[in-house]
Amino acid sequence: MNMENTNYQGLSNDKVFCTVFKNDETAMRVLQALFPDVKMSQVLLNTAGCEQDQVNGLLAQVVVLDEDEKKHFYSLRMAKESDNLGLLSRYCTSKMDMTMFRLIGEDYFDEDCGAVILCGFNPYGSNTVKVVHQFRSAKDPNLILPGQCPVIIINGKGKEEGETSDMKSLTHVICGDYSLDEPLAVFLKEKIVAANQKLNLVK
């Protein structure tokens, strides 16, 4: 289906975003593209669309199990150019912390987690696709402070050598470009079209 010059809304529309990511297969395929070293086998929790923050927008929190039975905790949020990324980052990490505290208790600090913010614009003015922000020691900037949920910013406009097909598909789709004939790009386009129809955003 041709989505050019139509009224289809992309992932920057909060309702479309949550409708798309409410599907466990979608959430896991996107997370697998972002974290290829984590061999994901099952989604244990997916809160997409379950809670709404009128200020900061909808957030998808996903817990996946890997092949070694280890849990990984992620939050996913699509940013808009009008968003304050600093505030949005703190919102996403605090939500992730609350979820992990609720599910695991006080001893969650050693768990793998990440607050992922997808940007269909270039927040840095560089070609870097994936930037990980973590608190570091003031005395030794190379020392990452333990017990924190990192913020992972995905620059949809970035282009790097060695990008996987799935990452390239994801960056194109979050920028509203559905032209790639790659498996993940085609899959996400179909989900976005279905979400638009389900939400009656197109006739």
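Q: Contact means heavy atoms within 4.5 Å; what covers the buried residues of helix α1 in this predicted model?
A: The model is a predicted one. The cover over the buried residues of α1 includes the helices α2 (24-34) and α5 (183-198), together with the strands β1 (40-46), β2 (60-66), β3 (71-79) and β4 (112-119).

Q: Which residues of helix α1 are buried?
A: Helix α1 spans residues 14-21, and its buried residues are Val 16, Phe 17, Cys 18, Val 20 and Phe 21. Residues three or four places apart in an α-helix point the same way, because there are 3.6 residues a turn.

Q: What caps the N-terminal end of α1?
A: Asn 13 does so, with a side-chain oxygen 2.9 Å from the backbone nitrogen of Lys 15.

Q: How many helices and strands does the protein have, and in what order do the elements run?
A: There are five helices and six strands. Read from the N terminus, the elements follow the order α-α-β-β-β-α-β-β-β-α-α.

Q: What makes β1 and β5 the edge strands of the sheet?
A: The six strands form an open sheet in the order β1-β2-β3-β4-β6-β5, with mixed pairing. Within this order, β1 and β5 (130-133) each pair on one side only, and they are the edge strands. On average, neighbouring strands of the sheet are turned by 25 degrees against each other, direction ignored.

Q: Why do β1 and β2 count as paired?
A: Pairing requires at least two bridges between two strands, and five bridges join β1 to β2; these strands therefore count as paired. They run antiparallel, and Val 43 has Val 64 of β2 as its bridge partner.

Q: Where does helix α3 pack?
A: Helix α3 (residues 85-104) packs on the sheet and touches β1, β2, β3, β4 and β6 (151-155). The direction of this helix makes about 150 degrees with that of β3.

Q: What makes β3 mostly covered?
A: Of the nine residues in β3, eight are buried.

Q: Why is Thr 93 called buried?
A: Buried means under 20% relative accessible area, and Thr 93 has 15% relative accessibility, so Thr 93 counts as buried. Thr 93 is found in helix α3. Leaving aside neighbours within four places in sequence, Thr 93 is in contact with Ala 115, Cys 149 and Val 151.

Q: Why is Glu 69 called exposed?
A: Exposed means over 50% relative accessible area, and Glu 69 has 58% relative accessibility, so Glu 69 counts as exposed. Glu 69 is found in the loop between β2 and β3, and the hairpin of these strands has four residues between them. Although Glu 69 is not a glycine, it has a positive phi of about 70 degrees.

Q: Why is Asn 200 called exposed?
A: Asn 200 has 55% relative accessibility, which is over the 50% cut-off, and therefore counts as exposed. Asn 200 is found in the segment after α5, and it has a positive phi of about 60 degrees although it is not a glycine.

Q: Which residues have the most contacts inside the largest nonpolar core?
A: They are Phe 21 and Leu 34, in a core of 39 residues. Helix α5 gives the most to this core, with six residues. Leaving aside neighbours within four places in sequence, Leu 34 is in contact with Leu 76, Val 116, Lys 130, Ile 154, Met 167 and Leu 170. Another core, of 18 residues, lies apart from the largest one; Phe 73, Cys 92, Met 96 and Cys 119 are among its members.

Q: What do the buried residues of α4 pack against?
A: They pack against α2, β3, β4, β5, β6 and α5. In α4 (residues 165-174), the buried residues are Met 167, Ser 169, Leu 170, Thr 171, Val 173 and Ile 174. Just after α4, Gly 176 takes a positive phi of about 80 degrees.

Definitions and conventions
Residues numbered from 1 in each chain as written. Heavy atoms only, no water. Buried < 20%, exposed > 50% of the residue type's maximum accessible area, 1.4 Å probe, protein only. Contact = heavy atoms within 4.5 Å. Polar contact = N/O pair within 3.5 Å; in protein donor to acceptor, adjacent residues only side chain to side chain. Axes fitted to C-alpha atoms, helices over the stretch in contact; angles between N-to-C directions. Core = buried A, V, L, I, M, F, W, Y, C linked by side-chain atoms within 4.5 Å.
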